[in-house]
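Please prepare a briefing on the structure shown below.

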Amino acid sequence: MTDRPASFTPPSAPSGTAPAPRPVPSRRLLLVHAHPDDESINNGVTMATYAAEGAQVTLVTCTRGEEGEVIPPELAHLAPDRDDALGPYRGRELAAAMAALGVTDHRFLGGPGRYRDSGMMGAPQNERPDCFWQAPLDEAAAELVAVIREVRPQVMVTYDPQGGYGHPDHIQAHRVAMRGAELAAAADFRPELGGSHAIGKIYWNCNPRSAVEEGFARLRAAGHTFPGIASPDDVPGVVPDAEVTASVTGGRAAAEAKTAAMRAHYTQIAVDGPFFALSNDLGQPLFATEHYRLVHGVPGAADGVREDDLFAGIGDTVGTQESTRIEEAAE
Ligand SMILES: [Zn+2]
């Protein structure tokens, strides 16, 4: 700062004029996840790729993952049955992961700590009145409506109705995302939350069976340091290949960003090269290509051809970078 001449004026803000409103990127992607780490495992390449291209990438995480198991022994005291301090810690891990992915817009649904991790299905934590599983659907969805109407994404990514693998918070995240999208588009729902906005395309995360089986074959052949190997059935959202409608393969930088983001979730994930393990210590492949099923909106590729861009087919309707500003976009 000291080497600036006294008359220094930033070129974009001539003296005497108000700074121009920040232009809103013309492509806007919203992802809705249950816990810190889910976004990096499922969508790290996708998020890094679109962020690097200048799209607005907004992540909404529904809980801070307070009930997660802690892998590093030196951090075992964070666990819910000891200090119960995992939520804020995982919030910081998530911030580091977002920095690795180049994503600057991250929010917790309703604010940090608004909804607590519900624990695995059947756990007594499912009954806690402050847990996400117990949240009234339309109340939680209204929190997402406010984000949708502010950000005005053309594309949303979330889980399938089983939440990929049946965790109550993943199931609830799916419900909240889908209900939030529906309510955000309804002009008569809570107009004080912003002008209505219809999301053009909605995708569910998935993993084609052939890619999962190939990944495990690669893991078995490679040698690794994990105590054991998971099975394809442990991978969330495995579907027949024919059900996959979009595949996003980022470049090397995006794959490296995903790996770095997963490493940032240090309490939850142990990364070993192109493989990783969760708290069960079972190795599984880290996928550099991420897959999706389009469940709402018009495909941007011919019948039977997978999209390679989640925004495919809606580019002409999203407005230009110059003309699309949040305040103007309100309908
Ligand atoms: Zn999760």
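Two residues are in contact when heavy atoms of theirs lie within 4.5 Å of each other. By this criterion, and leaving aside neighbours within four places in sequence, Leu101 is in contact with Ser40, Gly44, Met47, Ala48, Ala51, Ala257, Lys258 and Ala261. The model discussed here is predicted.

**Overall make-up**

- The secondary structure of the chain consists of seven helices and 12 strands.
- The chain has 331 residues, of which 49% count as buried.
- Of the contacts between residues at least 6 apart in sequence, 78% join residues at least 24 apart.

**The nonpolar cores**

- In soluble globular proteins, nonpolar side chains tend to be buried together.
- The largest nonpolar core of this model holds 30 residues, and those touching the most other members are Leu29, Met47, Met98, Leu101, Tyr203 and Leu310.
- At least two residues of this core come from each of several elements, including strand E1 (28-33), helix H2 (86-101), strand E8 (246-249) and helix H6 (252-264).
- Helix H1 gives the most to this core, namely five residues.
- There is also a second, separate core of 28 residues, and among its members are Val60, Cys62, Ala181 and Ile199.

**The packing of H1 and H2**

- The axes of H1 and H2 are 9 Å apart, and the two helices pack at an angle of about 40°.
- The helices H1 and H2 are therefore oblique to each other.
- On the H1 side, the residues that meet H2 are Glu39, Ser40, Gly44, Met47, Ala48 and Ala51.
- Their counterparts in H2 are Leu94, Ala97, Met98 and Leu101.

- His35 has a relative accessible area of 5% and is buried, because buried means under 20% relative accessible area.
- His170 also counts as buried, at 2% relative accessibility.

**Glu307**

- Glu307 is located in the loop between E12 and helix H7 (326-329).
- With a relative accessibility of 3%, Glu307 counts as buried.
- Not counting residues up to four places away in sequence, Glu307 touches Lys201, Tyr203, Thr245, Ala246, Ser247, Pro299, Gly300, Ala301 and Ala312. One of these, Tyr203, is also named among the residues that touch the most other members of the largest nonpolar core.
- Glu307 and Tyr292 are 15 residues apart along the chain, and their C-alpha atoms are separated by 9.2 Å.

**Gln284**

- Gln284 is part of strand E11 (residues 282-285).
- Gln284 counts as buried at 8% relative accessibility.
- Apart from residues up to four places away in sequence, Gln284 touches Phe216, Leu219, Ala230, Val235, Phe275, Phe276 and Leu278.

Conventions:
Residues numbered from 1 in each chain as written. Predicted model: local features only at pLDDT ≥ 70, side-chain atom pairs only at ≥ 80, totals over all residues. Heavy atoms only, no water. Core = buried A, V, L, I, M, F, W, Y, C linked by side-chain atoms within 4.5 Å. Buried < 20%, exposed > 50% of the residue type's maximum accessible area, 1.4 Å probe, protein only. Helix = DSSP H or I, 4+ residues; strand = E, 2+ residues; numbered from the N terminus. Axes fitted to C-alpha atoms, helices over the stretch in contact; angles between N-to-C directions. Parallel < 35°, antiparallel > 145°, perpendicular 65-115°, else oblique.
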